[in-house]
Amino acid sequence: MEPMKPMKPMKPMKNMAPMKPMEPPDSSWWPGGLSDPSSTGSQNGVSYAFFAQQRRLVVKQNGTVRQYDTEGHRITGVSQQQQNAEGGAPTFASQDGPVKLSSLKEV
């Protein structure tokens, strides 16, 4: 049986390239006059931006942009059923649990 050969030393790793800064969210679709959004996102063709200072949720769905009063809900995310009784209406996550878009007052 032949003796094992020693392992060759590893080559040094290359330095990592610096990370690019995060791009700001695309604000071209929501109305002007709102502060910076606290959260934004999109799913299944629905985009949203939540503005905590103004208590506003702006939703773009099927090319239409609408604003809603969030009534104290702090929106942190969105989910959407493919098809349900509301035709796939989005539901938003908040500190109080799920919030249906249909439960918010459009402004």
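My entries below cover the ground rules, a sheet, a serine and a glutamate.

**Ground rules.** I am reading a predicted model, where local features need pLDDT of at least 70, side-chain atom pairs count only at pLDDT 80 or more, and totals for chains, interfaces and linings use all residues. Residues are numbered from 1 along each chain as its sequence is written, and side-chain values use heavy atoms, leaving out hydrogens and water.

**The sheet.** I started with an open sheet of 5 strands, ordered E1-E2-E3-E4-E8 with antiparallel pairing. Its edge strands are E1 (39-43) and E8 (105-106), each pairing on one side only. Strands here are DSSP runs of at least two residues, numbered from the N terminus, and two of them pair if DSSP finds at least two bridges between them. I found that E1 and E2 (residues 46-51) pair over 5 bridges in the antiparallel sense. Ser42 stands opposite Ser47 in E2.

**Ser94.** I looked this residue up in strand E6 (residues 90-94). Ser94 is buried because its relative accessible area is 12%, and buried means under 20%, exposed over 50%, partly exposed in between (1.4 Å probe, protein chains only). The side chain of Ser94 reaches the backbone nitrogen of Asp96 at 3.1 Å and the backbone oxygen of Gly97 at 2.9 Å. Beyond its neighbours within four places in sequence, Ser94 is in contact (heavy atoms within 4.5 Å) with His73, Arg74, Ile75, Thr76 and Val99.

**Glu71.** I placed Glu71 in the loop between strand E4 (64-69) and strand E5 (77-80). Glu71 counts as partly exposed, at 43% relative accessibility. Setting aside neighbours within four places in sequence, Glu71 is in contact with Arg55, Ser103 and Lys105.

Notes
Helix = DSSP H or I, 4+ residues; strand = E, 2+ residues; numbered from the N terminus. Polar contact = N/O pair within 3.5 Å; in protein donor to acceptor, adjacent residues only side chain to side chain.
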